[in-house]
Amino acid sequence: MKRYDMIVVGAGPAGLSAAIEAAKKGMHVVVYDENAKPGGQLFKQIHKFFGSKEHKAKIRGFHIGEELLAEAAELGVEVVLNAIVIGIFPEKEVTVKVEDHVIHVKGDTILIATGASENMVTFPGWTLPGVIGAGAAQTMMNLHGTLPGKRVLMLGSGNVGLVVSFQLMQAGCEVVAVADAAPRVGGYGVHAAKVARCGVPFYLSHTIISADGEDCVTGVTIGEVDKNWQIISGTEKHFDVDTICLAVGLSPMSKLCDMAGCAMEDNPAKAGFVPTVNEYGETSVPGIYAAGDVSGIEEASSAMIEGRIAGIAAAARLGFISEETCKEEAAKQEAALEGLRQGMFAPGMRGKQITETEEGVEISQNLLKHGFVAEEEIERFPGVTHSAGVHPVIECTQNIPCNPCQDACPKHCIRIGSNITALPSIDPEKKCIGCGMCVASCSGQAIFLVNEDCGDGTAEVTLPYEFLPLPQKGDKGVALNRKGEKICAAEVVHVRSAKAFDHTNLLTMKVPKEYAMKARFFREEETA
């Protein structure tokens with residue numbers, strides 16, 4: 001029977017990160033994954049990550065996946081694909097189905113990083129072809145280059161629903177609406193805002209009543225729910241769609257942990273049935289660790305750090321590093337993890353209604369109910385300022401763990417400080433040079449460069465643009481406001497693309513100067 005210092009189940013962000021840390025310490029590591037490609041969810045994630053440098057902020061998920069795979073290969077980590085771990089038995093014996101045969105291997109330590117599965121909701125027609133999970137839609141688009149459909153309704157306004165809605169539009173789909181039974185947008189406001197300004201309406205306190213179609217989805221009816229989650233008669237709304245996308249949460253895939261004899265708990269704060277773990281991710285079974293979504297649903301950034309901590313702890317357990325070194329290295333990782341668990345969206349804040357930011361600024365109720373900050377609310381936030389010439393306008397309105405804009409500005413115009421969740425503000429003593437690095441670095445696409453008065457009755461607005469085909473200088477169209485409404489004519493005066501921008505193009509449009517603080521998206525004129 002082949003023996004390893006560490007067996008990792010799952011080649012996603014947590015599993016690969018743990019394997020890398022363990023291999024760095026000299027451990028012989030194997031990673032088993034049931035998929036044909038390693039990387040887990042990372043290779044579906046084409047958006048830029050939040051956080052700081054240590055959290056891989058402003059780097060797109062698939063690039064992070066490429067980095068992890070390259071590092072694992074360089075360290076000699078053995079990655080076995082199309083390999084289904086079907087059992088974990090006493091003495092850490094593991095059975096794996098590889099192609100058409102079953103092998104038995106033994107590990108001195110085991111990390112279970114099996115991730116999570118998508119939840120579903122039932123309604124008349126929910127089994128029709130065309131009803132899919134948001135993760136499945138991401139797989140189709142970002143891994144296989146296949147459109148899930150042409151007209152899509154998204155159910156779910158958490159980060160997954162918002163991110164995938166935007167990616168559906170990037171792929172060429174029309175998102176007719178985002179609906180959610182909850183009364184407030186569940187994900188980051190910046191994600192909701194970039195969807196809303198593309199013209200997608202939000203229907204909060206709404207859920208699906210039924211899907212239409214015989215052989216496939218042809219339409220969907222939604223309705224408003226009351227405080228008891230019952231449909232309010234007369235509120236029905238129908239949409240002609242060919243796809244219904246469900247982003248209604250994830251559940252940890254923890255069956256292997258249970259099979260291995262780990263103590264389990266049903267923990268709503270962690271989204272389901274999970275193993276109990278200590279500060280190093282070690283379960284109740286000595287030498288068996290769990291990291292990533294299998295031990296509680298969080299972002300991929302958190303999963304990577306949890307994996308690293310488990311890899312460090314496993315190395316200490318087997319004597320590859322000292323306990324003192326383990327504590328020092330784990331403490332650094334735990335500090336980084338704690339940074340991600342701050343702000344309005346921290347695990348401990350789930351379900352709580354927050355009325356103001358850490359700075360005492362009133363939260364935009366329009367953002368929570370409709371997906372965008374209302375015109376009369378936007379001025380209250382510290383990043384929204386006025387000055388002569390080109391200057392940044394930062395429409396970041398919630399305390400989320402993210403600070404790449406502060407580091408990106410070569411003139412240090414943007415201030416966040418040591419608190420990673422603080423709202424960004426503008427230093428009035430610094431002069432913006434219009435380089436656009438802050439616009440490109442913002443993971444939430446919430447930064448704009450504005451020249452409120454060009455001297456000829458017009459203003460210029462530079463915005464992040466990630467759609468194809470890319471407009472060209474001289475193209476005429478319309479400017480959309482934060483709600484996605486057409487407000488005025490607009491002309492493209494400049495388009496900048498650079499390797500440093502990582503596919504976030506900077507589109508500068510000219511609009512009448514009275515729309516400088518309202519125009520937030522450009523749409524080309526439709527040709528007959």
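Residues are numbered from 1 along each chain as its sequence is written. In this predicted model, local features need pLDDT of at least 70 and side-chain atom pairs count only at pLDDT 80 or more, while totals for chains, interfaces and linings use all residues; side-chain values use heavy atoms, with hydrogens and water left out.

**Stop 1: two helices**

Select residues 13-24, helix H1, and residues 300-317, helix H7. Helices (H or I, at least four residues) and strands (E, at least two) are DSSP runs, numbered from the N terminus. Two packed helices are described by the angle between their axes and the distance between the axes. Here the axes come within 7 Å and cross at roughly 35°. Axes are lines fitted to C-alpha atoms, for helices over the stretch in contact, and angles run from 0 to 180 degrees between N-to-C directions. Now show side chains: the contact (heavy atoms within 4.5 Å) includes Pro13 and Ala14 of H1 and Gly307 and Arg308 of H7.

**Stop 2**

Next, select strand E4 (residues 83-89) and strand E5 (residues 93-98), which pair in the antiparallel sense over six bridges. Two strands pair if DSSP finds at least two bridges between them. Find alanine 83, which stands opposite valine 98 in E5. Three residues lie between these strands in the hairpin, where glutamate 91 takes a positive phi near 65°.

Lysine 97 has valine 102 of E6 as its bridge partner. How many residues lie between the strands in the hairpin of E5 and E6? There are two, and glutamate 99 takes a positive phi near 55° in this hairpin.

**Stop 3: another hairpin**

Move on to strand E17 (residues 264-267) and strand E18 (residues 272-275), an antiparallel pair joined by four bridges. Glutamate 265 faces valine 274 in E18. Between the strands are four residues, and alanine 271 in this hairpin has a positive phi near 75°.

**Stop 4**

Finally, select Met169, Cys173, Phe467, Phe521 and Arg523, the closest to the centre of the second largest pocket among its 20 lining residues. On a 1 Å grid over the protein atoms alone, a pocket is an open set of points where a 1.4 Å probe fits, with protein on both sides within 12 Å along at least five of seven lines; lining residues have an atom within 4 Å of a point. Which element gives the most to this lining? Strand E28 does, with four residues.
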